[in-house]
Amino acid sequence: MKSAQVLRMLWYRSGCLSSKKLEGCARRSLTISNASVLDRVLRAYPIQTFLSPANRFAPTGRWRATAALSKIHAKSLHRAPAKRLGTDEIKPMEIVRTKQFHGSDHKNQSAPAPRRVPLSHLKDNFLDGTSSNFLEELQRMWEQDPSSVDASWQIFFKNFTGQSQPSLQQPTSVQPAVAGNQSLEENMRVLLLIRAYQVNGHMKAQLDPLGLDNRAVPQELDPAYYKFSENDMDREFSLGVAQMGGVLSENSPPMTLRTIIQRLEKAYCSTVGYEYMHMSDREKCNWLRERIESHGSRKFSQEQKAEILDRLMWSTNFENFLAQKWTAAKRFGLEGCETLIPGMKELIDKAADLGVESVVIGMAHRGRLNVLGNVVRKPLRQIFNEFSGGIKPAEVEAGGYTGSGDVKYHLGTSYDRPTRSGKHIHLSLVANPSHLEAVAPVVIGKTRAKQYYSQDTKRLKHMAVLLHGDGSFSGQGVVYETLHLSDLVNYSTGGTIHIVVNNQVAFTTDPKSSRSSPYCTDVAKALCAPIIHVNGDDVEAVVHACELAAEWRCKFHADVVVDIVCYRKFGHNEIDEPNFTQPKMYQVIKSHKPSLDSYIEKLTREGEISADKIKSMQDRVMSMINDEFNQSKTYVPKKRDWLAAFWAGFKGPEQLSRVRNTGVDPEILKQVGKKITQIPSTFTPHRAIKKIYEQRAQMIESKQGVDWATAEALAFGTLVVEGNHVRLSGQDVERGTFSHRHAVLHDQKTGERFCPLHHVVENQAQEMFTVSNSSLSEFGVLGFELGYSMENPNSLVLWEGQFGDFANGAQVIFDQFLSSGEAKWLRQTGLTVLLPHGYDGQGPEHSSARLERFLQMSDDDPYIIPEMEASLRKQIQEVNWQVVNVTTPANYFHVLRRQIHRDFRKPLVVMSPKTLLRHQSCKSNLSDFDNVEGHPGFDKQGTRFKRLIKDQNNHSDNEPGIRRLVLCSGKVYYELEEERNRLACTDVAICRIEQLCPFPYDLVQRELKRYSNAEIVWCQEEPMNMGPYQYVALRLGTTMTNIGRGHFEDIKYVGRPTSAATATGFGALHNTEQKGLVRQALQKEPLD
């Protein structure tokens, strides 16, 4: 006996047998006997057994469960558990007139059967609960000796097993159950059968177009499992249940068991399989159930079928044409899943009808060309031209920039596409590398940015669609990272539609070797997302699944997965040999009929479309494809394809951009400074944070001693005042890993949050400045922020690593997107990455952001000094990104503002400090932030970011008496300066290179000329094979040769020796190494 029966028994007993209908409001309390029975059951079975997970630990859970068991109104049940409940507080769904069963002579009285209660009135979920041992034992006692149990239980078990009749006389045989007259047990068995189809029907569905799937059908789908035989098939059952949908809807008419099974087979076991019963939300389950189980849910009109056929023709003929024209070319075709195109087009049309205005698409290479041409509408002539080798854009002939380019199946595009209903929808397919799934978080971030800039706070207008492969969806960790952004407040996009092109093989690896779960889509169950499996050969089923997915996303704003089970006609690419590893599969594929041929046969057989009409459609499609091919021979791209209209007017690497000052008016600095240090009087911050904010206010008031966190807040605040969007995310960024930022405060009494930067300007939109702790993810979150930054250049988007050491968890984003995206895809981004870096004795995992890797990926030529004249300099535009190691709060302020105050965008990698956050010497005056000329911090570079900071001893332009010039970068400067002061070394100059890439040749030349007799030393705290040394040495050598100051060999290195690990884990050894390299850099003797 299942726990479902526990609920029914307890309801029936406490609700029907324990009360007597009296006149007016006079109702007696539960009798002691029945109250004790209920109490006994509740003691035997912890009340949590009957509670949903959400209510198991609620203080009022016990009485809520009691209310559910007896089906009473729980309005007055949230009282102290010790209170005795009277019937004036209990209103059973149905009260039955009955004799007094609990008198002293109750065994001598005959017990009439209670009136049967319609199943539709039993509104509690009969499948809840986990244990029924108590009632099973009670039933066994009754079966052995009916008199061994209470008379009321005798009545119940007689009714439960169908032995009780409305009359006192026992019938000689049990009559067949009919609508409204079945036994409760039979009804429950039918309900269990229905639930089995809802839960496991997909296991019986015909999903594999190749017929190779030999899964066993669950025995729960066999009526015999529930003791039903062929003799029961034509019996009627009334199954209406309140608050349910589909077959079990409250208004559902009586049906024979045969009809019920037929409906369930059609709904759950045809060419579409559904997984949704893992979801805990009843409304969502009912919504899906209604659409799955209702009649005619997958019927298409003749006009719709013609449209589906036309789209399938375009998809199939496009692939066939490419295969004929370029037989040996890699194109990663869609053969075997051509139905994807009609499905995606239906999805987009449906989404547009439901209010979506733009769709951002991300996908891997398989089928990409088909999606580009037939869904996004990239001109076919351009695709054909790329197959022929491609021609650089016409503007390149005039000195324009084209970058390195990329293979055709990695490229993206955007297009405004008309829909079936006459609307227009903007489609953009994001360019991607071959690293599967890496583009997924980028697409989500770009979609979120679109929603922000269009004020789409309800997530209705912009939607993401991600296409996956079966192997990558289950195998790549970034899929899980991306899925778990879906419901986070500052990352949600209102739901993503995931479409899995399920080849049933990953490159050469079978599913049994590529995942441990039954389906490649099981990872999505972590989100309680519905999953629709569909046979890729059934184009109408694919279209239906995609349409349903669009409806789901637009209604519930949640993720949904469509798993198109298909096959791959060729190998991993067209010149691969799949028979090496999947011979059996490819024997079947070789003789398998294409989906277009199958659909034409179906339509012809049904008389929907004539053969002449089909031929006419085919001829028209092929004629248009051939025409596009002919035009491709003379096709020349006309202009650079930017991501969005926001980028209009921004300059490419070949166009000169003026260098701008980034200082701010002193009055604005003062006003912003007040705003970022004010805490409402009604807010109770932590006393330590209150002191920090008071100190920051004093910095602004005194205009001195501005620290790192205050400088950052001033940069953010002044950009917001200028109308720019600022977004900072990453692990623990609200407080800051090193407890320095405190951008979000928490009231110590109420827990309320307060962010001063949300109140910099009057009526400021809260999201204009966003600071958000992220999930514990580097790959997914950095990819998200990259996508976000690509949508609109008028924003400062930052991602901060918890420690720079952990950034390599997102190495794919750095390598494939951030460092090379502009060269490959002509896509600029101003994303800023903050990576805490510095050697302070925290060991090999908390010392290095791997600065050398970012410098090694920089594309500036170490042997050629570019044009450095300020009015002609394009050096920073021509390099792929900027890498800085900043040492003053003011310089940090200016490098952040510089990201916005120029008419091009470049990624910025900042080696951010740790110990310098509170270092007493690492302070700036407020005058270093303003735009007033003449103050002590103003020099020839103006009030802007200083690429190199000269020695602070006010040396003249020519200092022949300086014996050593120490060049360094980062926090080691402060240790060198402290030691120089201690030793009173006046013949050593120390210069800081703040911008490592692109290298400041002009400023380094200036310092080499200033110290014409000095020994040249590069000092760093990283090992020789790490840090900036190898990058800097080549460029410093080129600079020295250029001005006749020596050669590369003349550079002296001071730092740690080569090492496999970034740092030592022994504190004492670290201190010895650090002091040693500082002393060596300043020693009186010449360096070897």
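Strand β7, which spans residues 462–469, has 7 of its 8 residues buried, so the strand is largely enclosed by the rest of the structure. The model is a predicted one, and the protein it describes has 1088 residues, of which 57% count as buried. Its secondary structure comprises 33 helices and 24 strands.

**Strand β7 and its partners**

- Strand β4, made up of residues 358–362, runs parallel to β7 and is joined to it by 5 bridges; within this pairing, Gly362 has Leu466 of β7 as its bridge partner.
- Strand β8, made up of residues 496–502, also pairs with β7 in the parallel sense, here over 6 bridges, and Val465 stands opposite Ile497 of β8.

**Helix α21**

- In helix α21, which covers residues 666–675, the buried residues are Leu669, Val672 and Gly673. Viewed down the axis of α21, these buried residues fall within an arc of 105 degrees, so they line one face of the helix.
- The cover over the buried residues of α21 includes helix elements α22 (687–702), α23 (708–721) and α29 (889–898).
- The N-terminal end of α21 is capped by Asp665, which has a side-chain oxygen 2.9 Å from the backbone nitrogen of Glu667.

**The protein as a whole**

- Of the contacts between residues at least 6 apart in sequence, 79% join residues that are at least 24 apart.

Notes:
Residues numbered from 1 in each chain as written. Predicted model: local features only at pLDDT ≥ 70, side-chain atom pairs only at ≥ 80, totals over all residues. Heavy atoms only, no water. Buried < 20%, exposed > 50% of the residue type's maximum accessible area, 1.4 Å probe, protein only. Helix = DSSP H or I, 4+ residues; strand = E, 2+ residues; numbered from the N terminus. Arc of directions from axis to C-beta. Contact = heavy atoms within 4.5 Å. Polar contact = N/O pair within 3.5 Å; in protein donor to acceptor, adjacent residues only side chain to side chain. Pairing = 2+ DSSP bridges.
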